[in-house]
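Work through the exercises below with the sequence and the structure open. Try each task before reading its solution.

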Amino acid sequence: MFKHKQSLSKNLARISVAAIVPMFILSSYLLWALSDATNAYSGINNNISYANKYVIDFKERIDYTMYLAVIGNKSIDEIEAGKTTVNGIVTINPYLYIKELEAACNSLSLTATVNSNKNQIKRVKNTLNSLNKSVWNLESNIKNGNPYNKNMDILDKDIYALTSLVQSGIQNYIYTETTNFENVKAGLDKKNRQMVTTYLVTLLVVITISAYLTTMAVKSVTTPVRKLCAQTSRVAKGDFTANTKVESVGEIATLTSNFNYMTQEIGLLVEDIKHNKENIHLIEMKLLQAQINPHFLYNTLDTIVWLAEEKKTTEVVSIVTYLSDFFHTTLSKGKDFITIQEEELHVDSYMKIQKFRYQDVMDYEISIDKELYPYTIPKLMLQPLAENALIHGVRNKRSCGHIYITGRKDNGNIIFQVTDDGRGMKPDELQRLRQGIANNNIDTTDNSGFGIVNVNQRIQNYYGNEFGISFESEFGKGTTATIVIAAKNIQTKS
């Protein structure tokens, strides 16, 4: 009856047919059998819920609104319908409210599950007509200046009495609808017993057939799948030489063949990735150096020439020394990682050189805790931020600006901050900068934007995505760039 080497789709199709078709037929029967009782129950419940809306609010609002009209000697229009009074009752226009209840009565009459309730609704509607006339009479008396005592007498004997009748009529409707629950429940219980019996018999048959077909299908699938799982475990551990052979047809055979091919391709790709990964980091670093060095070097050489022409020999020696220190750290004998002490020397050399160019507009201070000196970090982390603070902050300030570079250890992290009291950023500018960092794309006309993105990418590559660069700024007051990294020595990833 059951062929072990049939395709998986055919085996599953048989199981589905054996389980779904009988259950579909049974479900259709159950839905049909339950629909009448469920609809009746739902109708009763809806009628009761709908009628309950008017049991308390109608009398309370009509009575109090007309009471306010009498004691205030006001017409309905002067009452200001929809206003919440001091006792929490919302005033209404009684004519509109009576029409609203009449419309509700029409709906309740159509959906009533007990015939006597249709007559009950007719009586309520007749009472509403009388109430409408009484409201009109009372309002006319108020407008005609009838005495207060007579108006109160009409309010007590007519208005209050009629609203009580309306409330009582709706309550009787609700009570009658509620008693019909028992009849519906009895019919539902009888059908439930019939359906449970039918359901259990059908379920037993379906389970028996489905269990048999499933057992046979599992036997035709589990063996090759287990072999394939064993090979995937080897691949997960990095063994891309795994290869599996199974005797099967259909989907399992295709899956096995594709798995073997995929494993070979992944192995080749992993080797390529390992080979190229270090090259990518090297290229990024070289690109950052290439973008920093030319403009900086040209400007520094111009400064040296100017100092030489002015015969300022001491200053020439100093700036050449700073430039030598700067490139000594930048090159670092090809190393991608330097100590924090070396990074401090590097950014200090850069700031000293810029100090020669911007003597009247820039001053700086570096304060890095000496306990951080032994830690190794990716080089060129602070200089791009210092350059950004100078170009976009201090240089655009009319008076002398200051740049503060700090470093400290906090809760297992190392925190660097580059703060300037320059121009600062407007909220939209700050938002664009943050989005640019998040998207690895800062649109600037200089190289500082590229440097910031490069630093952030390298931090997240070596330390994780929870670390990186963040910015805080206030227009006219300055900007603070913060680097957060883990307090650990980083080595190049293999």
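**Exercise 1. Find how many bridges join strand S4 to S5, and how the two strands run.**

Solution. Strands are DSSP runs of E with at least two residues, and helices are runs of H or I with at least four, numbered from the N terminus. Locate S4 at residues 401-410. Eight bridges join S4 to S5, and the two strands run antiparallel. As a check, take Thr 406: its bridge partner in S5 is Gln 417.

This is a predicted model, in which local features need pLDDT of at least 70, side-chain atom pairs count only at pLDDT 80 or more, and totals for chains, interfaces and linings use all residues. Residues are numbered from 1 along each chain as its sequence is written, and side-chain values use heavy atoms, with hydrogens and water left out.

**Exercise 2. Give the strand order of the sheet and identify its edges.**

Solution. Two strands pair if DSSP finds at least two bridges between them. Five strands form an open sheet in the order S2-S4-S5-S7-S6, with mixed pairing. S2 (362-368) and S6 (468-474) each have a single partner strand, so one side of each is left without a neighbour in the sheet. From one strand to the next, the twist averages 15°.

**Exercise 3. Describe how helices H8 and H9 pack on each other.**

Solution. Axes are lines fitted to C-alpha atoms, for helices over the stretch in contact, and angles run from 0 to 180 degrees between N-to-C directions. H8 (residues 340-357) and H9 (residues 383-394) have axes 9 Å apart, at an angle of about 25°. Angles under 35 degrees count as roughly parallel, over 145 as roughly antiparallel, 65 to 115 as roughly perpendicular and the rest as oblique. H8 and H9 are therefore roughly parallel. Contact means heavy atoms within 4.5 Å. Residues of H8 that meet H9 include Val 347, Tyr 350 and Met 351, and Leu 390 is among those in H9.

**Exercise 4. Classify the packing of H3 against H4.**

Solution. The axes of H3 (residues 94-111) and H4 (residues 116-144) come within 10 Å and cross at roughly 175°. That makes H3 roughly antiparallel to H4. The contact includes Ile 98 and Leu 101 of H3, and Leu 128 and Trp 136 of H4.

**Exercise 5. Decide which element has the lowest mean pLDDT and which the highest.**

Solution. pLDDT is the predictor's confidence in each residue, from 0 to 100. The protein chain averages 79, and 76% of the residues score at least 70. Where pLDDT is low, the predicted coordinates should not be read in detail.
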